[in-house]
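Open the model in your viewer and keep the selection panel at hand.

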Amino acid sequence: MTRRTVVDEEQLLAQLLRVERSIPEAVQEAEEILLTRDEILARANAYAQELIKSAEQQAAKIADEIRIVQQAEREAQQLRQQVKEETETLRQQNFTEIERIRRQAQQELEEMRQVTLAECQQIQAGADTYAERVLTDLERQMGELLRVIHNGRQHIRQHQAPPQAHPPQRR
């Protein structure tokens, strides 16, 4: 036995011819598949690049928005702190001003009380002086009246007629 095999030559040639005819079609189909594959890969890569670019732009936009929000939050916090400090300063200033006005009002009230007391004392002294003058003048006038009365009575006694038994009737 040998390693040789008997093959039908016509059948082998027919098979080879069919293979030979099918090879160009298979090669052409393979080439078309390769072209299509390259085209699909190119389109997929382009689409992937567009998606990546779009995602990067979206991420940048979101990052910008986040930075803007964070900046706004920082500024709002600074404004809150500034308003709080200004409010506290104004409160202190108002308290100090109110306290100054209260002390000034108390001082003015005390000065007015002192002036009023002094005026009252002056009025009382003036009233006392006036009363003293009036009473002294009245005392003098009364003294003169008493003297006039006394003189009048003396004069009547000196010029008096002797008593009558019946006093005259008046009509």
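Predicted model: local features only at pLDDT ≥ 70, side-chain atom pairs only at ≥ 80, totals over all residues.

**Stop 1: a network of charges**

Select E99, R102 and R103, and show their side chains. These residues are linked in a network of salt bridges. Zoom in on E99 and R103, whose side chains meet in a salt bridge with an N to O distance of 3.7 Å. Both sit in helix α1, and because they are four residues apart there, about one helical turn separates them. Is E99 buried, exposed or partly exposed? Its relative accessible area is 23%, so E99 is partly exposed. R103 belongs to the partly exposed group as well, with a value of 46%.

As background, side chains of opposite charge can pair when their charged atoms come close.

**Stop 2: E88 and R91**

Next, select E88 and R91. Their side chains form a salt bridge, 2.8 Å from N to O. Both residues lie in helix α1, three residues apart, or about one turn of the helix. E88 has a relative accessibility of 38%, so it counts as partly exposed. R91 is partly exposed too, at 45%.

**Stop 3**

**Stop 4: a negative patch**

Select E25, E29, E31 and E32. What kind of charge gathers in this surface patch? The charge is negative, and E25, E29, E31 and E32 make up the patch. Take E31 as your example: E31 is in helix α1, which covers residues 9-158. With a relative accessible area of 46%, E31 is partly exposed.

**Stop 5: D137 and R140**

Move on to D137 and R140. Here is another salt bridge, with the closest N and O atoms 2.3 Å apart. The two residues are three positions apart in helix α1, so about one helical turn lies between them. D137 is partly exposed at 32% relative accessibility, and R140 is partly exposed with a relative accessible area of 44%.

**Stop 6: a nonpolar patch**

For the last stop, select L135, L138, M142, L145, L146 and I149. Together they make a nonpolar surface patch of about 590 Å². L135 is found in helix α1. Its relative accessibility is 53%, so L135 counts as exposed.

**Before you close the viewer**

How many salt bridges does the count come to, taking a Lys or Arg side-chain nitrogen within 4 Å of an Asp or Glu carboxyl oxygen? The count comes to nine. Among them you have visited E88 with R91, R103 with E99 and D137 with R140.

Technical notes. Residues numbered from 1 in each chain as written. Heavy atoms only, no water. Patch = residues over 30% accessible without salt bridge, like charges linked within 9 Å, V, L, I, M, F, W, Y side chains within 5 Å. Areas by Shrake-Rupley, 256 points an atom, 1.4 Å probe, with all protein chains shown as cover. Lys, Arg positive; Asp, Glu negative; His and termini not counted. Charge placed at Lys NZ, Arg CZ, Asp CG, Glu CD. Buried < 20%, exposed > 50% of the residue type's maximum accessible area, 1.4 Å probe, protein only.
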